[in-house]
Amino acid sequence: MRKKVTMQQIADTVGVSKFAVSRALTGKSGVSEQTRDKIIRTAGQLGYFKNGFGGASRVAALEQEKEKELTPDWRKQTGTVLVLFPNIRYQNKDSLYWGPMFEGISARLNEKGFDILTLTEPSSDKVFSLLNPDAIQGVITVGAVSSALLLEFQRMQIPVVMLDHSDSAFHCDTVFSDNISLMREMMNQLIATGYRKFQFVGNIYDAPSFLERWTAFRMTLDEHNIPLEQNMKLFHEETEGLMGAVSEIPKSQLPEVFVCVNDSTARFVLEQLSNQDVSVPEDCAVTGFDNVETDLPLLATVDVNKSLLGRRAVDQLLWRVDHPSLPVERLLIHADLIFRDTYMTAKRG
């Protein structure tokens with residue numbers, strides 16, 4: 001039988017006092033937002049919420065659902081869906097990446113006759129001081145939001161679908177591009193063309209999708225017995241540090257291809273290479289992902305259907321409303337690879 005996770009175990013893992021853990025898990029003041037989020041995330045990873053925080057209410061809800069045999073009721077036919085954006089400058093409706101996702105969400109909800117309410121994640125996790133939870137049919141999160149806020153929704157038993165993000169402390173349905181398959185397909189094509197020297201560029205810890213793309217990059221090199229000689233400085237989280245890492249690479253030691261975590265990162269890399277008088281693609285090539293920078297001389301990118309991701313997130317949420325007790329699902333959406341023949345050159349030398 002699984003032993004109950006204690007606050008002391010959480011405290012020992014995080015490296016804080018048991019008092020801090022207690023304050024964080026009960027939503028009281030006395031700990032910083034950063035420490036609170038770390039405590040809650042660690043508690044989720046250890047399984048604390050499965051046998052403690054909110055566990056009893058979830059069991060009761062599952063029992064009630066079995067009695068109803070998943071029969072839809074009036075609440076499942078109409079209502080308001082909350083679309084939640086993180087409190088991050090570049091993750092909003094005006095973004096070339098996130099904006100089309102929101103448009104897809106909005107269009108699908110309109111088709112289904114649901115009202116839509118958009119909200120930027122408040123600095124305080126007490127979101128329901130602003131909202132009536134009984135009026136919310138479900139929540140779609142666009143990008144990363146805090147673990148503490150997600151657990152607010154869990155306590156309220158409000159269905160959540162996360163779009164392009166996941167959280168180890170909170171299990172719910174998620175919708176992603178098929179990052180691993182798509183990156184593997186891109187790398188296989190590059191290798192088949194003759195390229196052998198690669199460097200991966202971008203902060204792989206900034207988003208689950210980025211980490212998946214890095215995983216697929218490494219996996220494909222290993223499958224082809226190509227040594228991984230990664231410059232770890234190219235994982236820098238700040239743009240200035242990333243560009244500095246690119247500038248430090250001597251021209252004679254440039255990779256054949258910089259494989260960037262997304263198109264935005266590829267733009268920064270291309271700008272730095274231009275500053276160093278490096279010709280693209282003659283001296284080296286650059287790839288992206290997401291297809292949001294159509295004017296760049298990229299060797300390849302992935303045309304993620306961002307609007308479709310948003311529409312499918314709505315479909316998944318409406319399915320979840322009708323099936324609250326079934327296991328959570330991870331929906332992967334494939335996309336088209338774009339190889340630009342102008343820049344697709346055979347192995348050199």
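Helix α3 (residues 33-46) and helix α7 (residues 147-155) have axes that come within 8 Å of each other and cross at roughly 55°; the two helices are therefore oblique, the class left when angles under 35 degrees count as roughly parallel, over 145 as roughly antiparallel and 65 to 115 as roughly perpendicular. Asp37, Ile40 and Arg41 of α3 meet Ser147, Ala148 and Leu151 of α7, where contact means heavy atoms within 4.5 Å.

This is a predicted model, in which local features need pLDDT of at least 70 and side-chain atom pairs count only at pLDDT 80 or more. Residues are numbered from 1 along each chain, and side-chain values use heavy atoms, with hydrogens and water left out.

The structure also holds eight aromatic pairs, a pair being rings of Phe, Tyr and Trp (its six-membered ring) with centres within 6.5 Å, where planes under 30 degrees apart count as stacked, over 60 as edge-to-face and the rest as tilted. Two of them are set out here.

| Pair | Centre to centre | Angle between planes | Class |
|---|---|---|---|
| Tyr97 and Trp98 | 4.9 Å | 85° | edge-to-face |
| Phe200 and Phe235 | 6.5 Å | 70° | edge-to-face |

The second pair links distant parts of the chain, with Phe200 in strand β6 (residues 198-201) and Phe235 in the loop between α9 (208-223) and α10 (239-247), 35 residues apart. Phe200 is buried at a relative accessible area of 0%, and Phe235 is buried at 10%, buried meaning under 20%, exposed over 50% and partly exposed in between (1.4 Å probe, protein chains only). Phe198, Phe200, Trp214, Phe217 and Phe235 together form one aromatic cluster.

Note on methods: Axes fitted to C-alpha atoms, helices over the stretch in contact; angles between N-to-C directions. Helix = DSSP H or I, 4+ residues; strand = E, 2+ residues; numbered from the N terminus.
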